[in-house]
Amino acid sequence: MLLTAVAALLLTGALGTAAELGRGAGAAEARAAEQDDATRADLAAIGFETEPTAAELRRRHGVELMTATRPFLLALGNGPVAGEPPRDEARETARRVLERELGRFPPGLLERIGLWRVVLCRGLTEDGRSIPSLPNYRHTLLFDTEGSPAFLRRLIHHEVFHFADYAEDLNVLHDPAWEALNPPEFHYGTGGRDMRSPRVTAFDDHLPGFVSRYGTSALEEDKAEIFAALLAAPAWMAEQRRRDPILEAKARRVQLVMEGLFPGLETDFWAKLEGSDEADGR
């Protein structure tokens, strides 16, 4: 979501430079820990509680899973963000999806890009309009649990890349080199906020250079949708890359962003994805 994502990122004063996004050593680590403790206290005060069943996710990947226990309202730049506690069944489904999908990344990567916490909720809205998620509110992702497992699967990877995109250079709005990959006559839309229909998020074989209509709404949504396809529909994405040189170039750029942020990313990480025959997120 373009404007939602950008506003949340810009409002996150604790982000600092890309080199400080991870909980590094020494003074930077101490500052990050202090900020994180303050954030946890603030979130607890509005009714977000840590999920004890997700301790392994936190131990291995530095990502704390929390749940909204009462209705909440956050005053943010694009309007108030509101939500309420998730249904028990939906919460459990979302927890399993998140543990599985975030667990696919090498330990340290998610922490490095600044994704430190996910809050499960329901009925998430921004300025009165429904949204499926809100990235990087103080290193935290607000995540609406009301969706199919396949949708939640691709949604979490979409949001992971919003964190990574910002971590790369603290800028998600401008990337002339990326835009140059598109045909000269193409122009992005007015942002994800203006493209809300569920139909536009379906992965689509008939959009040269893009994986979904939602990806045409904004530069940062294009990137995040391609990353989501790489992780949530790897076999389908591998086929699209073989027949679409623009999509191949974009996918490789997305991969290079992740590799640049996390040099320890295994060389066979992407190859393993392409060989996957799991049900995808389409």
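A residue is called buried when its relative accessible area is under 20%. In this predicted model, Phe161 has a relative accessibility of 1%, so Phe161 counts as buried. Phe227 reaches 0% and therefore falls in the buried class as well.

These two residues also meet through their rings. The centres of Phe161 and Phe227 lie 5.4 Å apart with the planes at 35°, so the pair is described as tilted. Phe161 belongs to helix H6 (residues 149–169) and Phe227 to helix H8 (residues 219–232), and the pair thus links distant parts of the chain, 66 residues apart.

Turning to the structure as a whole, nine aromatic pairs are found. One of them joins Phe48 and Phe72 in an edge-to-face arrangement, with 4.9 Å from centre to centre and 85° between the planes. Because Phe48 lies in strand S1 (residues 48–50) and Phe72 in strand S3 (residues 72–76), this pair ties together parts that are 24 residues apart in sequence. Phe48 is buried, at a relative accessible area of 1%, and Phe72 counts as buried too, at 6%.

The charged end of Arg154 sits over the ring of Phe203, at 3.9 Å from the ring centre. In a second example, the ring of Phe210 has the charged end of Lys250 over it, 3.8 Å from its centre.

Key. Residues are numbered from 1 along each chain as its sequence is written. This is a predicted model: local features need pLDDT of at least 70, side-chain atom pairs count only at pLDDT 80 or more; totals for chains, interfaces and linings use all residues. Side-chain values use heavy atoms; hydrogens and water are left out. Rings of Phe, Tyr and Trp (its six-membered ring) pair if their centres lie within 6.5 Å; planes under 30 degrees apart count as stacked, over 60 as edge-to-face and the rest as tilted. Helices (H or I, at least four residues) and strands (E, at least two) are DSSP runs, numbered from the N terminus. Buried means under 20% relative accessible area, exposed over 50%, partly exposed in between (1.4 Å probe, protein chains only). A charge sits over a ring if NZ of Lys or CZ of Arg is within 6 Å of the ring centre and within 35 degrees of the ring normal.
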